[in-house]
Amino acid sequence: MSNEIELIKDPGLPAHVHRSTDTDPKAAARAERQVAILFGLSALGTITLIYSYIFIKDDVFVFIPILGQTHLQQLGIGLGMALALFCIGAGLIHWAKTLMPDEEVIAQRHEFRSEDEDRSEFIKTVKEGAAAAGLGRRPLIKTTLGAALGLSALSPILLLRDLGPLPKDDLSKTSWKAGTRLVTDPGDRPLRPEDLEVGAVAQTLPEIEAGAHRSLADIGKDAVLLIRLRPEEFNLDAERLSWTHEGIIAFSKICSHMGCAVALYEQQTKHLLCPCHQSTFDVTRAAKVIFGPSARPLPQLAITVDADGYLVAQAPFNEPVGPSFWERSS
Ligand code: FES
């Protein structure tokens, strides 16, 4: 029995082996220089990143074996960031392993919340540890660490530029203005009211001059759905009714929730449906939202016909098209 108790006795910790930096001042000074070099390299990496971003033109390429034809600016940014992050991490680890206090501590398990006395003891220990880390006594490490950390904070700020400019009111302006003809998409054919039967839907765009080009952004903002009902089916006030023509009503095709294309029309119910999150708009009530996450109706384009009998816009959209947060960007 006494032999069994011997077997499960706590063997305790092996004898603590001190590091050379604890006993040899020269080793400590060498480790300090190594840490400083790593922090210095980190700062150099960040400077490389910033230099590459600002001064290297984005159309310069270099040939690198294995990688082949490589974009020099991207290479500089990538290598700079890698060097900055790797060296700052390696420097911190090396500092902790060679120069920070090397004590073995046994923590007993306690209740989840420590006693107040233990908590204040902990705070005292942390403060002592911070003092023992010797930042005050090691100005070289302090300076290079400050430079490395300070510069590394600059790179994310710099890269924010790549998010591009704020859209301001660009997104609230479309190509529609008074007198712009509605043309088929695709086909660019001007539309007359008689081209649409009752119950029909058509996607249209604003007419552009011959040879002119539409950007994708313009197509996204300008797309309009035309729907033809019987005039008596509308449930609109006099102003909104005057924006329709012989039962034809026009709405932005871009969902006012997150900007998907509102592409489904239920002829029986006269509902427009956005396939992304199922926002449902009632065509008879000026695209009022009757279901789903969208917070506002689809913007309506007031239409009429010109002297030649073609459908034209009476004015630009009554409000910005697309998700509501576009409006808040200006
Ligand atoms: S984008 Fe249309 S419902 Fe979300």
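These legends go with close-ups of a predicted model. Local features need pLDDT of at least 70 and side-chain atom pairs count only at pLDDT 80 or more, while totals for chains, interfaces and linings use all residues. Residues are numbered from 1 along each chain as its sequence is written, and side-chain values use heavy atoms, with hydrogens and water left out.

**View 1. A nonpolar surface patch made by Ile37, Leu41, Leu44 and Leu83.**
The patch comes to about 320 Å² (Shrake-Rupley areas, 1.4 Å probe, only the protein chains shown count as cover). Patch residues have over 30% relative accessible area and no salt bridge; nonpolar side chains (Val, Leu, Ile, Met, Phe, Trp, Tyr) are joined within 5 Å, like charges within 9 Å. A salt bridge here is a side-chain nitrogen of Lys or Arg within 4 Å of a carboxyl oxygen of Asp or Glu. Helix 3 (residues 25-55) gives the most, three residues. Leu83 sits in helix 4 (residues 72-98) and is partly exposed at 31% (buried is under 20%, exposed over 50%, partly exposed in between). Helices are DSSP runs of H or I, at least four residues; strands are runs of E, at least two.

**View 2. A negative surface patch formed by Glu115, Glu117, Asp118, Glu121 and Glu128.**
Asp and Glu count as negative, with each charge placed at CG of Asp or CD of Glu. Asp118 belongs to helix 5 (residues 116-132), and its relative accessible area of 35% makes Asp118 partly exposed.

**View 3. Residues 76-96, listed by UniProt under "transmembrane region" (unreviewed entry).**
Such annotations may be inferred rather than shown by experiment. This span is 100% helix and 0% strand, with end C-alpha atoms 30 Å apart.

How values were computed
Buried < 20%, exposed > 50% of the residue type's maximum accessible area, 1.4 Å probe, protein only.
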